[in-house]
Amino acid sequence: MEVVLMPDRDRADALAARLLARAVRARPTLALGLATGRTMERVYARLAAMHRDEGLDFSLCRTFNLDEYVGLSPADEGSYRHYMNRHLFSKVNVDLRNTHLPDGMAADLDAECLKYEDLIREAGGIGLQLLGLGKSGHIGFNEPLSALRSRTRVKGLTETTIAENRGQFADPSRMPRRAITMGVGTILECRRLVMLVTGASKAAVLARAVEGPITSMISASAIQLHPACTVIVDEAAAADLQEKAYYRWIFRNEPEWREDQDL
Ligand code: GLP
């Protein structure tokens, strides 16, 4: 795992978008793993701009989102399908038929979870998975005690997560209590992971995820097991990290990141 500590949020966002764009350019048929949340809205705005201004081409991509709320239809403004259509899919040239999220309205949710795993497998696995970090330490909706080998399944949401996300609903009491999420094991099988974490509110949980022990209590700590994982953070999110000087050095000295310095 490498942590890249960027001087500010804009540069952190820009680097995440650039890594994703680079991966799409290198392999236009890439199976892209996507995430939701406020952090990703800024990344998607950048990708939309790259599509518009630089012709970044998503026409052959397939996408797989990490999670979806149980009980919300795609038309529901609180659903992650709605979020993805609004922030990314409607702004780039991806074929909507190639965009996948679990179906939170499925009559048989367990069968839907198995189907989602099959879809990922049939696509040849996910090439690059974008990740955010939840306050409860989750990736996707893998709340505390998610098995490190868990697969796509239904998960109950913690009070912390409900408190964090309910503001995204016009009527906060409509926020679902359950979601379908890729498992930690599913995520660890993606060929590359790019996690983006910004802002002071994530500092404590980021330190536990990146520098703490690997534990199912903080499912994001499992990314320490992944052989190709980049964690992009800004100074505010990095406040509680022990090895900040080292992470800053990575930003300044590694050629892969250097070209991003003058963003
Ligand atoms: C949701 C998603 C997570 C995401 C998290 C962080 O809970 N299920 O995948 O990482 O939000 O969101 P934000 O960027 O809004 O802090």
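Trainee: So Ala, Val, Leu, Ile, Met, Phe, Trp, Tyr, Cys and Pro count as nonpolar, Asp, Glu, Lys and Arg as charged, and the others, Gly among them, as polar. With that in hand, what does the lining of the largest pocket have by class?

Mentor: The lining has 14 polar residues, along with 7 nonpolar and 7 charged ones. Keep in mind that this is a predicted model, where local features need pLDDT of at least 70, side-chain atom pairs count only at pLDDT 80 or more, and totals for chains, interfaces and linings use all residues. Residues are numbered from 1 along each chain as its sequence is written, and side-chain values use heavy atoms, with hydrogens and water left out.

Trainee: Okay, and what's a pocket here?

Mentor: On a 1 Å grid over the protein atoms alone, a pocket is an open set of points where a 1.4 Å probe fits, with protein on both sides within 12 Å along at least five of seven lines; lining residues have an atom within 4 Å of a point.

Trainee: What volume does the largest pocket have?

Mentor: About 450 Å³. A volume is the space filled by probe spheres set on the grid points, which are joined across faces, edges and corners.

Trainee: Is serine 79 buried or exposed?

Mentor: Serine 79 counts as buried because its relative accessibility is 1%. The cut-offs are under 20% relative accessible area for buried, over 50% for exposed, and in between for partly exposed (1.4 Å probe, protein chains only).

Trainee: How far apart are serine 79 and aspartate 57?

Mentor: They are 22 residues apart in sequence and 26 Å apart in space, C-alpha to C-alpha.

Trainee: What about valine 24, where is its place?

Mentor: Valine 24 sits in helix α1, and at 1% relative accessibility it counts as buried. Between valine 24 and cysteine 61 there are 7.7 Å from C-alpha to C-alpha, with the two 37 residues apart along the chain.

Trainee: And glutamate 41?

Mentor: Glutamate 41 is in helix α2, and is partly exposed, with a relative accessible area of 31%. Its C-alpha atom is separated by 8.9 Å from that of tyrosine 83, and the pair is 42 residues apart along the chain.

Trainee: Why does aspartate 110 count as exposed?

Mentor: Because its relative accessible area is 57%. Aspartate 110 lies in helix α4 (residues 109–122). From its C-alpha atom to that of glutamine 224, 114 residues away along the chain, the separation is 29 Å.

Trainee: Last one: what phi does leucine 145 have?

Mentor: A positive phi of about 75 degrees, although leucine 145 is not a glycine. You'll find leucine 145 in the loop between β6 (128–131) and β7 (153–156). It is exposed, with a relative accessible area of 59%.

Note on methods
Helix = DSSP H or I, 4+ residues; strand = E, 2+ residues; numbered from the N terminus.
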